[in-house]
Amino acid sequence: MSAKTLYDKLFDSHVVTEENGTALIYIDRHLVHEVTSPQAFEGLRLAGRKPWRKDSIVATADHNTPTNGWEKGLDGIADPIARIQIETLDSNIKEFGAKAYFPFMDKGQGIVHVMGPEQGATLPGMTVVCGDSHTSTHGAFGALAHGIGTSEVEHVMATQCLVQKKSKAMLVRVDGKLGRGVTAKDIALAIIGKIGTAGGTGYAIEFGGSAIRALSMEGRMTLCNMAIEAGARAGMVAVDDTTIDYIKGRPYAPKADQWDAAVNYWRTLVSDDGAKFDSTVTLQAEQIQPQVTWGTSPEMVVGIDGVVPDPTKEVDATKRGSMERALQYMDLKANTPMSAIAIDKVFIGSCTNSRIEDLRAAALVAKGKKVAANVKLALVVPGSGLVKAQAEAEGLDKIFKEAGFEWREPGCSMCLAMNADRLSPGERCASTSNRNFEGRQGQGGRTHLVSPEMAAAAAVAGHFVDVRSL
Amino acid sequence: MQAFNTLNGLVVPLDRANVDTDAIIPKQFLKSIKRSGFGPNAFDEWRYLDHGEPGMDNSKRQLNPDFVLNKSRYQGASVLLARENFGCGSSREHAPWALEDYGFRVIIAPSFADIFFNNCFKNGMLPIVLDAASVDHLFKECEATEGYQLKIALQEQTITTPGGQVFKFDVDAFRKHCLLNGLDDIGLTMQHQDKIKAFEAQHQKAQPWLFN
Ligand code: SF4
């Protein structure tokens, strides 16, 4: 048999039937949240259909939920339309069923891509889908994880399958050792800076190399999370001891006799020696600096020691136009050192960087310091209720609060600003999220993507600063 | 799903690369539990001068005169001409819903983001990938000619300009079939029920922990 990539193994083992290159692939785990599911449930209802396998569904509310005012319960949701959507998820899950549901304010509630892994609901070898593009996160477990649209959410509910064409396979190899203060987030941004936001379009990316092997599961999730920002629908990392150790003992992980059989299988979820990739990109870990985006696309990124690029030096007219528009939107001048850019707000959270290791890293930087006077708001939003409880058990909440950060309830929050947490027009934010699009964090808001360490450092300095110099 | 065969449509040129789904339909409109009515808020932040919220009477809002969709010569357009990586960002199907509700049936660009591309087909829209030089050519013609219409024939896989120039495009055979016939994916997949059940049984035997 010829050598297979991890992607080949995951895809091929889920093909139910295939015709002219279009396959039906079987879906093992369906993660559901309040924003992209109501129309799908409605579609099922109208067609008189039931979920094919309700035990594949794990659901939570995250996008629309407020991060304060929880003492008022559902009445704490100031926005009546958001409230309807959250209550609609409650009633849909009640009607159609699920393996597990973590509703608004449940202690297991959280961002769907934080909740799934921490519950052990994401396992190696699975196909995982969710009506959310950052479903690529779950690929960190050696799973095939895709974001899907609402029609596909309905399709998976009704048939347990997804219509898919096989993507090409890309290997992104990062070798060497990351420097101090350089994180998985910086790897992700450096990769996107190199290949562009469309560089991975049509590909499933496997991240490999010694620097990836050395990452924790949380770091790998951060990396796979941003595969979609490189245009790839799926990102993945091969299974190793780090994967297996992370899963062991989680609520929905296999137990007792099944555990050994599962682990035996999971160990095969690596690309075979000699497997062929359609494309390979390599980076050297030592060369990656802490990254800061300067524009309105994640590919518009430089190292913290860099400057805002000059559009007049760009030869490609379309690119030059994008750069000029981005600089205008961001209110930045070419050649400004990144460290000279002052900020108004800080957001530490999102499915990219809201897990316990992220909060520990940020707290370490913030400890004993104060948020700078020019920073109007510095938010820390844990990814889930469990992350929040863990952080509080470690006293991280106190460190943040003493430094002047706000400590909030879990959810997507200012990553996409569907709830009350948002930027006002013109405000500039150091954010640990994944998208710096125009208006993403609030209309007219200006987002710079950074790691949790760099966000905390910017909070205390009042401007971007090399965390390694603190 | 609405079938698609041929279209003679007015073209509007949106000359920006990397148009993301946040721009196509801003997040505040995602709170809806319906799948219709998003058209008036397509490109909301570019299209209006004030901030839009769900429930507003959009006819009373102030339009941004500089935004291309608002120019009188492009009213009634059903073909959107765009630049590379159109539809990047989130998986929100509200983006194609909004474009479809606005009146677009065809989007032509040098490249599309994957999930958005897929979502278009599910909603009776045809996204067409054309090489950058051809797209550039169409941009120039369209901007130079008032009332510029393109004829898109899905069966033949052709785009014909007013001057009679013909561009061939590729489309996946399965998607073409579904679109031509307005077929619903779920119904088609259900024809394979037995295969799905057989796969499931064997999958459960091999990896029982997936079925706990
Ligand atoms: S945290 Fe942001 S990117 Fe992640 S699921 Fe929520 S809104 Fe999407």
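Tutor: Let's begin with strand S1 (residues 6-14) of chain B, which is joined to strand S2 (residues 79-82) of chain B by four bridges, the two running parallel. Strands pair when DSSP finds at least two bridges between them. Helices (H or I, at least four residues) and strands (E, at least two) are DSSP runs, numbered from the N terminus. B:Leu14 stands opposite B:Ala82 in S2(B).

This is a predicted model, in which local features need pLDDT of at least 70 and side-chain atom pairs count only at pLDDT 80 or more, while totals for chains, interfaces and linings use all residues. Residues are numbered from 1 along each chain as its sequence is written, chains are lettered from A and ligands numbered from 1 in the order in which they are written, and side-chain values use heavy atoms, leaving out hydrogens and water.

Now widen the view. S1 and S2 belong to an open sheet of seven strands in chain B, ordered S4-S3-S2-S1-S5-S6-S7, with mixed pairing. At the edges stand S4 (126-129) and S7 (166-168) of chain B, each with a single partner strand, so one side of each has no neighbour in the sheet. From one strand to the next, the twist averages 25°. Axes here are lines fitted to C-alpha atoms, for helices over the stretch in contact, and angles run from 0 to 180 degrees between N-to-C directions.

Helix H5 (residues 132-144) of chain B lies across S1, S2, S3 (106-109), S5 (149-153) and S7 of chain B, at about 120° to S2(B). Contact means heavy atoms within 4.5 Å.

For another kind of packing, turn to chain A. There the axes of helix H2 (residues 38-47) and helix H5 (residues 150-159) come within 8 Å and cross at roughly 45°. That angle makes H2(A) oblique to H5(A); angles under 35 degrees count as roughly parallel, over 145 as roughly antiparallel, 65 to 115 as roughly perpendicular and the rest as oblique.
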